[in-house]
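I opened the files and kept short notes on what I looked up. The entries follow in the order in which I made them.

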Amino acid sequence: MKKITWLIPTVYIVFLMMPIYWLVNMSFKTTNEILGSFTLWPNNFTVENYVTIFTDPTWFMGYVNSLTYVTINTIISLLVALPAAYAFSRYRFLGDKHLFFWLLTNRMAPPAVFALPFFQLYSAIGLFDTHIAVALSHCLFNIPLAVWILEGFMSGVPKELDETAYIDGYSFPQFFFKIFIPAIAAGIGVAAFFCFMFSWVELLLAKTLTAVDVKPIAATMTRTVSTAGYELGLLSAAGTLTIVPGAFVIYFVRNYIAKGFALGRL
Amino acid sequence: MRSERFHDALGRQLLFTLLILLIEVPLGVGIALTMPRQGIGVTICLVLMALPLLIPWNVVGAMWNIFALPDIGLLGKMLNGVGFDYNFTQNPFWAWATVVAMDVWHWTSLVVLLCYAGLRSIPDAYYQTSKIDGATSWQVFRYIQLPKMKRVLTIALLLRLMDSFMIYTEPFVLNGGGPGNSTTFLSIDLVKVALGQFDLGPAAAMSIIYFFVVLLLCWVLYTLMMRDETN
């Protein structure tokens with residue numbers, strides 16, 4: 001039995017790693033080698049693709065821009081979603097269930113629907129082509145997500161925790177920051193990661209709302225599609241690099257995800 | 001909208017959504033249950049599993065395209081090596097298999113991460129009590145882990161449902177909804193009608209229907225999952 005439980009995640013990870021290995025593999029090849037033959041590892045090992053990315057400012061600024069608006073977005077989403085989720089999980093008010101479900105409908109329409117309204121709005125108030133514009137537009141689908149995830153975790157915390165804290169003489173802010181937030185740290189970790197991720201991979205809104213100054217990396221990548229076909233080597237190198245920041249984020253929140261929930265805090 | 005084409009796309013979409021939900025959710029829960037609970041294994045698992053989620057969607061399509069090509073890709077080469085006549089650009093069955101595999105590859109981790117975090121938030125006391133009561137591991141799963149995971153699972157289900165309806169970039173980059181129309185899902189069809197043929201009227205009508213289908217499905221699912229709690 002012990003052996004089997006180890007096997008399932010291992011097999012799954014191997015399955016996950018194969019395409020990623022192929023991506024990394026391709027990133028060290030020239031485009032000709034990728035299209036020309038089947039090779040398990042690069043025959044003509046080249047770092048040229050990476051050199052291109054790190055020396056060309058339009059490439060690496062793409063990463064900086066993406067990281068900036070993704071970070072802003074994650075912070076805004078969490079700050080807004082925490083109180084909202086608390087209200088949904090602890091209070092009953094008129095239409096709360098419907099409002100809660102309505103939040104999610106914002107995620108149902110493809111972002112393409114909102115691209116034009118956002119474009120006009122942000123152009124009108126001079127936010128076009130700024131980090132904050134992209135960050136705010138991504139809130140559209142990240143805040144509902146964060147509220148839903150956090151609400152799930154908050155409802156998992158027994159109400160007695162709130163009540164004992166009040167009996168112990170905590171005021172609401174004290175309780176919220178000192179007891180409640182640590183209790184749902186796992187949820188915050190997951191929510192932060194998902195906000196980061198969905199904002200990171202979103203292409204359409206980010207592309208529509210930016211022109212020159214804050215062009216995100218995913219939009220820069222579309223440049224590799226030229227009349228001569230895909231520049232696959234460059235595209236895979238850029239793809240490999242997009243994984244890196246996210247991997248760091250998950251590395252830092254991993255402890256929150258795996259921490260579990262301490263019931264006996266008193 | 002009586003057009004056959006729309007019905008076909010809708011049918012394909014529903015089949016696709018059903019398939020990936022049936023694969024991803026049990027798989028995700030299974031992996032979350034069997035993942036290590038402490039030590040270095042947790043870090044390795046979490047970081048590695050999160051990787052597919054972080055790749056921009058256009059890159060996912062492009063890399064699977066190459067990865068699955070029979071002559072220069074690892075997957076295509078392997079499948080042909082063990083004797084399948086694998087060619088996703090021409091054979092509709094393999095095209096389907098590839099799109100589903102790609103989606104499973106891409107999104108199962110989302111279910112895993114959510115469920116794992118949900119599982120970890122179950123207090124140890126529950127497990128200890130069940131141990132004293134002599135519960136089998138199936139009973140522990142059915143009566144403790146599953147109910148506690150229900151909220152998280154609802155989120156995972158709804159997210160996958162909505163996103164699978166929105167799937168556009170990956171199959172489009174993979175092989176443009178082909179061969180023929182065999183992997184043309186709703187969103188791809190919509191873009192073809194709206195921007196390819198510039199029939200904006202029908203396209204607008206389609207997108208409204210499309211939105212209501214998603215809304216209806218989510219509402220039904222949400223109500224079903226939440227029914228026990230309101231009673």
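This is a predicted model: local features need pLDDT of at least 70, side-chain atom pairs count only at pLDDT 80 or more; totals for chains, interfaces and linings use all residues.

These entries cover one chain, the contact between two chains, and then some residues picked out one by one.

**Entry 1**

**Entry 2: chain A as a whole**

I looked up the secondary structure of chain A and found 13 helices and 2 strands. Chain A has 266 residues, and 50% of them count as buried. I then checked the contacts in chain A with a separation of 6 or more. Residues 24 or more positions apart account for 75% of these. The accessible surface of chain A is about 12200 Å². Carbon and sulfur atoms hold 72% of that surface.

**Entry 3: where chain B meets chain A**

How many residues of each chain are in contact with the other? I found 66 residues of chain B in contact with 69 residues of chain A. The area buried between chain B and chain A is about 6000 Å², and carbon and sulfur atoms give 83% of it.

I also looked for charged and polar links across this boundary. The count of salt bridges between chain B and chain A is 0. Residue pairs in polar contact between chain B and chain A number 3, counting pairs with both residues at pLDDT 80 or more.

Next I asked which helices of chain B supply at least two residues each to the side that touches chain A. They are α1 (4–34), α2 (40–50), α3 (57–68), α4 (74–81), α5 (92–120), α7 (137–166) and α10 (200–230) of chain B. The most comes from α5(B), with 14 residues. By class, I read off 51 nonpolar, 9 polar and 6 charged residues on the side of chain B that touches chain A.

**Entry 4: salt bridges**

I counted over all chains and got 3 salt bridges. One of them joins the side chains of Arg90(A) and Asp162(A), at 2.7 Å from N to O. Arg90(A) lies in helix α4 (residues 57–90) of chain A and Asp162(A) in helix α8 (residues 159–167) of chain A, so this pair ties together parts that are 72 residues apart in sequence. Both Arg90(A) and Asp162(A) are buried.

In chain B, the side chains of Arg160(B) and Glu24(B) meet in a salt bridge of 2.9 Å, N to O. Arg160(B) is in helix α7 of chain B and Glu24(B) is in helix α1 of chain B, 136 residues apart, and the pair links distant parts of the chain.

Arg160(B) also forms a salt bridge with Asp103(B), with the closest N and O atoms 2.7 Å apart. Asp103(B) lies in helix α5 of chain B and Arg160(B) in helix α7 of chain B, so this pair ties together parts that are 57 residues apart in sequence. Glu24(B), Asp103(B) and Arg160(B) are joined into one network by salt bridges that share partners.

Glu24(B) is buried at 0%, and Asp103(B) is buried at 3%.

**Entry 5: Thr108(B)**

I went on to Thr108(B), which is in helix α5 of chain B. Its relative accessible area is 0%, so Thr108(B) counts as buried. What lies 2.5 Å from a polar atom of the side chain of Thr108(B)? I found the backbone oxygen of Val104(B) there.

I then listed the contacts of Thr108(B), leaving aside neighbours within four places in sequence. These are Tyr12(A), Glu24(B), Leu27(B), Gly28(B) and Asp103(B). Glu24(B) and Asp103(B) are already in my notes as members of the salt-bridge network.

**Entry 6: Met154(A)**

Which residues is Met154(A) in contact with, leaving aside its neighbours within four places in sequence? I found Leu82(A), Ala85(A), Tyr86(A), Ser89(A), Arg90(A), Phe180(A) and Ile184(A).

Met154(A) and Gln174(A) are 20 residues apart along the chain, and their C-alpha atoms are separated by 17 Å.

Note on methods
Residues are numbered from 1 along each chain as its sequence is written. Chains are lettered from A and ligands numbered from 1 in the order in which they are written. Side-chain values use heavy atoms; hydrogens and water are left out. Contact means heavy atoms within 4.5 Å. Buried area is the accessible area (1.4 Å probe) that two parts lose on being put together, summed over both. A salt bridge is a side-chain nitrogen of Lys or Arg within 4 Å of a carboxyl oxygen of Asp or Glu. A polar contact is a pair of N or O atoms within 3.5 Å; within protein, one must be able to donate a hydrogen and the other to accept it, and residues adjacent in sequence count only if both atoms are side-chain atoms. Helices (H or I, at least four residues) and strands (E, at least two) are DSSP runs, numbered from the N terminus. Ala, Val, Leu, Ile, Met, Phe, Trp, Tyr, Cys and Pro count as nonpolar, Asp, Glu, Lys and Arg as charged, and the others, Gly among them, as polar. Buried means under 20% relative accessible area, exposed over 50%, partly exposed in between (1.4 Å probe, protein chains only). Accessible areas come from the Shrake-Rupley method with a 1.4 Å probe; for residues, only the protein chains shown count as cover.
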